[in-house]
Amino acid sequence: MASMAQLMFDEFGQPFIVMREQENQKRMTGVEAVKSHILAARAVAGTLRTSLGPRGLDKMLVSPDGDVTITNDGATIMEKMDVQHHVARLMVELSKSQDDEIGDGTTGVVVLAGALLEESERLIDRGIHPIKVADGFDLACKKALETLDAISDRFPVEDRERLVETAQTSLGSKIVNRSCRQFAEIAVDAVLSVADIDKKDVNFEMIKVEGKIGGRLEDTVLVKGIIIDKTMSHPQMPKELKDAKVAILTCPFEPPKPKTKHKLDITSTEDFQKLREYERETFETMIKQVKDSGATLAICQWGFDDEANHLLQANDLPAVRWVGGPEIELLAIATNARIVPRFSELTEAKLGTAGLVREITFGTAKDRMLSIEQCPNNKAVTIFVRGGNKMIIDEAKRALHDALCVIRNLVRDSRIVYGGGSAELACAIEVAKEADKIEGIEQYAFRAFADALESIPMALAENSGLAQIDALSDLKAKQIETKNPHLGVDAVFAGTNDMKQQKVIETLLSKREQISLATQVVRMILKIDDVRVPDDERS
Ligand code: ADP
């Protein structure tokens with residue numbers, strides 16, 4: 001900002017600041033600023049409302065270079081929307097925070113924030129100061145979180161079947177819902193294979209999600225090992241290796257090159273022959289070094305030319321080239337190998353082991369990949385997603401990511417609440433009750449907060465084609481009458497509103513985060529009362 005402001009002194013020596021280019025800025029203050037922010041943020045939040053829940057609709061997003069993404073994952077929609085407005089971007093960040101912290105509930109959090117903003121606009125119109133609204137929301141949020149804790153249940157994390165059901169809830173609203181059960185099982189098995197149940201920790205680095213176009217979603221598999229999208233470097237190398245000793249190399253298979261620019265003058269045939277001879281010798285030494293260490297498979301981060309490839313094949317040393325950095329690390333962890341940056345450093349102790357290394361083929365023989373299985377540290381797993389096109393695979397990967405996150409969150413904290421808007425409705429009822437006990441102006445904010453919470457079951461009902469107001473009032477009456485906080489919107493027409501029976505589960509962690517993040521961001525927006533933007537950015 002140094003160029004914008006300049007410190008000057010008046011004739012009495014008093015300092016004052018001159019803002020340059022002030023005439024080029026647009027300034028908004030007070031209620032005008034708050035209302036314009038609310039409008040911008042609500043506009044963004046509004047786009048997600050129809051995507052919420054098992055009957056939520058998908059969005060198609062086309063990037064400037066024509067890439068198409070079809071998704072109903074809140075975080076992805078927000079990220080790809082290319083929002084320019086400074087306040088509306090807070091909504092994008094909101095969804096991202098939920099995604100980073102929890103991984104699930106990214107649509108819900110934005111819809112709730114949108115509803116809170118709508119309510120606050122109404123309160124501001126009635127003459128209540130934004131700060132009062134913000135403070136009231138803060139207190140109401142605390143009450144809602146208390147209620148969530150009170151209505152939460154413990155989840156038996158050791159029960160695989162129950163975990164699968166939970167993953168199914170998360171996947172139910174996604175493109176993969178056709179093979180929901182299968183994907184849920186894959187997600188649960190993947191997390192359980194890498195989870196440390198005692199320490200309540202899951203190392204996500206150990207789960208790799210790979211996709212390859214071709215086949216159907218149902219062909220998706222979980223491989224207890226690592227799949228890399230590579231083949232043996234020579235077609236005549238063996239397609240299957242048992243008890244392989246793996247050398248992982250990050251040095252290129254080539255004769256040493258001077259580090260700075262160089263020029264080589266070859267003036268005679270002998271010189272050329274000598275150079276060729278030198279190259280061949282270097283390759284042979286390298287191969288010998290690898291073989292001497294006892295390795296039966298070389299995995300290289302870099303490539304090697306056809307000559308080296310031929311020599312490798314002739315020396316019975318199967319090799320894989322151009323293996324990416326993250327895969328190299330995964331392989332090293334799984335096989336207990338050390339990553340070796342120089343041929344001279346290769347020793348037997350640095351080799352990894354794998355019970356089975358094989359090339360697997362899919363559909364046509366061209367689709368081949370390398371699978372490294374039965375590794376000593378066989379915690380690393382790969383989920384291999386198949387699908388008709390890139391869009392389906394990408395969306396399936398996103399859905400799996402959400403399901404993996406849900407299971408991971410359960411391993412971390414086994415408390416749950418029930419979905420279908422039942423938890424939100426139960427909180428709304430409690431918050432509204434609390435409002436009656438408050439004498440100050442905050443009671444209006446409390447009631448508004450309760451109304452905003454109800455917007456989640458309302459949106460679920462609307463998206464399922466139900467008459468939303470009727471459905472919600474029925475539901476609310478039933479919850480109050482039966483004191484059962486598990487009653488939610490029967491979005492899939494299963495015949496019961498009891499979400500415990502329907503097994504629609506959400507983690508307490510996720511729901512708590514949704515409510516507190518949405519409240520925080522709304523409070524932030526309500527507290528900005530002065531904004532200056534360059535005149536050309538008044539969007
Ligand atoms: P998010 O990105 O926020 O997870 P989703 O589109 O996955 O959004 O929708 C999640 C919402 O849908 C949650 O409120 C959840 O309780 C609800 N939901 C999921 N499955 C069902 C179901 N079978 N019946 C009713 N509600 C459901």
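Predicted model: local features only at pLDDT ≥ 70, side-chain atom pairs only at ≥ 80, totals over all residues.

In general, the strands of a sheet pair through backbone hydrogen bonds, either parallel or antiparallel.

Between β6 and strand β19 (residues 415-418), which run antiparallel, there are two bridges. Arg-154 has Arg-415 of β19 as its bridge partner.

## Domain assignment

The domain assignment divides the protein chain into domain 1, given as 25-154 + 418-537, and domain 2, given as 225-258 + 268-377. Taken over C-alpha atoms, the centres of domain 1 and domain 2 are separated by 53 Å.

## Packing of α3 against α16

Helix α3 (residues 88-101) packs with helix α16 (residues 508-526) at an angle of about 155°, and their axes lie 10 Å apart. Since angles over 145 degrees count as roughly antiparallel, α3 and α16 are therefore roughly antiparallel to each other. The crossing in which α3 passes α16 is right-handed.

On the α3 side, the contact is made by Leu-90, Met-91, Leu-94, Ser-97, Gln-98 and Glu-101, while α16 contributes Ser-510, Glu-513, Gln-514, Leu-517, Ala-518, Val-521, Met-524 and Ile-525. Sorted by class, the contact of α3 with α16 comprises eight nonpolar, four polar and two charged residues.

Terms used:
Residues numbered from 1 in each chain as written. Heavy atoms only, no water. Pairing = 2+ DSSP bridges. Helix = DSSP H or I, 4+ residues; strand = E, 2+ residues; numbered from the N terminus. Domains from an automatic or database assignment. Axes fitted to C-alpha atoms, helices over the stretch in contact; angles between N-to-C directions. Parallel < 35°, antiparallel > 145°, perpendicular 65-115°, else oblique. Left-handed = near helix turned anticlockwise from the far one by under 90°. Contact = heavy atoms within 4.5 Å. Nonpolar A, V, L, I, M, F, W, Y, C, P; charged D, E, K, R; others polar.
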